[in-house]
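Reader: I would like to go through the terms used for this model and see what stands behind each one. Could you show me the structure to start?

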Amino acid sequence: MLAVFLLWLLTSAATLVLGRAGYVAAGRLGLLDARSAPAPEWLCVLGLSLLTAALQLVSLVMPVNNSLRLGLLAAVLALGWAQRRALAALLYAQWPRQLRDWVAAAALGWLLGCLLLLTSMPLVNPDTGLYHLQAIQWNQLYPVVPGLGNVHGRLAFNSSWFLTEALLPLPTPAGAAYCLSSYWLALLAAVGVRSVARAAPGARLVAAAPLLLLVLLLTYFRTWVSSPSPDFVVTVLLLLIFWLLARPGKAAGTAAAEQENVLVGLVLGLVAVSVKLSVLPVLLLPTLLLLRRPQPRQLLAAGALAGLVLGPWLGRNALLSGYLVYPLPALDWLSVDWKIPRELVQAEYNVIVNMARQVSRAAAAGPVGDWGGAWWQPWWRAQTAFNQVLLGAVAVSPLVAAGAGWQRRRAELPAARRWLLGWAVALLGGAFWLASAPDVRFGLGFLLLAALWPWLALAQTAASAAVSRWLARGLLLLLLLWSVNEWRDPLYQLRHQPAAFARRLGWPDAGPAAATRTVPVPGGVLRVPQRGAQCWSAPVPCSYHVPAGLQWRGPSAGDGFRIR
């Protein structure tokens, strides 16, 4: 816990500097008003997103190694020194001065403590042992490796988040741990607490929405918080984008300020797509808002941003797999010797869709059935109670949205329009999720937003200030009870297993050591786990099996792999 907290502090300092530098650069281009930067937590969100996007470009020519870390440290120090007065003034302005500010600081500290408890849990995410840690190691050792997906198909999934995880490993007595994913949860907590603290008494119900979303997200991903999984990273990004674009701009909701939010939301959306392709519909929201008040300079900037973020991502796809988007066999447009055989790409696609539809593991690699086939009933029965309630809330959301829309027209409240637009895009995202790979973890962000956003629109049109205050108090009380419950198991462990709790207090779990055997393949070797299918942090190259026809493309593993 303590080591992870120090990692969060280091990341906060670096991303704050990078976020403000990005804001100033955009201001000089006339895209933003850099004279009044957003709150520090939003600068950290922007800085971390810009860093993730930049690492994609850098990874095409060099690994994420100590040389890159030293270069980044020098850049952050130089930028920080150049902005020292502005940063000092920004941080000084955040210092608590009223009782409300001190209560908010205490609440945020309490929430961060709960999140740190979750980061100290053992690594139980099966994908972390299967390919997350392996992908991170490859990023640390080599530039993007041609044909890496031939070693293990999931190594070609190309989540940009693994590059950021590779940048900041946390050394522990048991090996390197990768805990930066949990920092996104800390940012969401900061956004939520500060939103409530700054809201007027009658607006705190809506202002508490990020905190409610945080609890719902943790209800689903609770045991995975200690993992470097991109699944909950992209969910947090999605929630932050929709929250940013639903709220007024920093200048009391003026059109110029709203457009600034849209550009920031576009950057976050592009990075989210590079983290996980399943959130592709999120780009609709900033695109629609940009086209609502089109300005040539901002449209050109949006196109340039899309090229700078998604261009390197597509290039990494092409190198890792031989396909522009993996695993979509229909996009078989490249002729390179490291291309993953089409039948393997098709099988990987089939496994993703069929496993999401709860098809049996034995038949998962087989053909994907019709969208309206017989998989619906077993899929629904396999859902947890949480999932079924969430899907039911999404199903009734059009009725709530219709009521909110009627109230908006009746009361002439334009603010509700942003929430309803967000709901419509989230509902489209949910439809995209259902039609592609309906595993709830792939679409959790869209489902939460589609279920909650119309209620928030309705709350702004129908709820009186007194009702809103009491509902907000009830919600905050539930959040407090949830956070207190999170301390139950650690306190029990402290009483009965003090040595284990002491280890948990200091260091995160680095994962088990996987015993492997070495298998020769043409041009080199491949490691295979002696038991099970997970390589964890075993030296690369490692895979759960030896693909038929696998070859090294050169004397080094960094030269890539092919199948003949």
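This is a predicted model: local features need pLDDT of at least 70, side-chain atom pairs count only at pLDDT 80 or more; totals for chains, interfaces and linings use all residues.

Reader: Why does Phe157 count as partly exposed?

Author: Residues are numbered from 1 along each chain as its sequence is written, and side-chain values use heavy atoms, with hydrogens and water left out. Buried means under 20% relative accessible area, exposed over 50%, and partly exposed in between (1.4 Å probe, protein chains only). Phe157 has 23% relative accessibility, so Phe157 counts as partly exposed.

Reader: What makes Tyr131 and Phe162 an edge-to-face pair?

Author: Rings of Phe, Tyr and Trp (its six-membered ring) pair if their centres lie within 6.5 Å; planes under 30 degrees apart are stacked, over 60 edge-to-face, and the rest tilted. A search of the whole structure finds 20 such pairs. For Tyr131 and Phe162, the centres are 6.2 Å apart and the planes at 85 degrees, so this pair is edge-to-face. Tyr131 belongs to helix α6 and Phe162 to helix α7, 31 residues apart. Helices here are DSSP runs (H or I, at least four residues; strands are E, at least two), numbered from the N terminus.

Reader: Are Tyr131 and Phe162 buried or exposed?

Author: Tyr131 has a relative accessible area of 5%, so Tyr131 is buried. Phe162 is at 4%, and is therefore buried too.

Reader: What kind of aromatic pair do Phe157 and Tyr326 form?

Author: A tilted one, with 6.0 Å centre to centre and 45 degrees between the planes. Phe157 lies in the loop between α6 and α7, and Tyr326 in the loop between α14 and α15 (342-356), 169 residues apart. At 7% relative accessibility, Tyr326 counts as buried.

Reader: How do you know that Arg84 sits over the ring of Trp81?

Author: The rule asks for NZ of Lys or CZ of Arg within 6 Å of the ring centre and within 35 degrees of the ring normal. The charged end of Arg84 is 4.1 Å from the centre of the Trp81 ring. Arg97 likewise lies over the face of Tyr92, at 4.6 Å from the ring centre.

Reader: Which residues does the lining of the largest cavity contain, by nonpolar, polar and charged?

Author: The lining has 13 nonpolar, four polar and two charged residues. Ala, Val, Leu, Ile, Met, Phe, Trp, Tyr, Cys and Pro count as nonpolar, Asp, Glu, Lys and Arg as charged, and the others, Gly among them, as polar. Helix α6 gives the most to this lining, with three residues.
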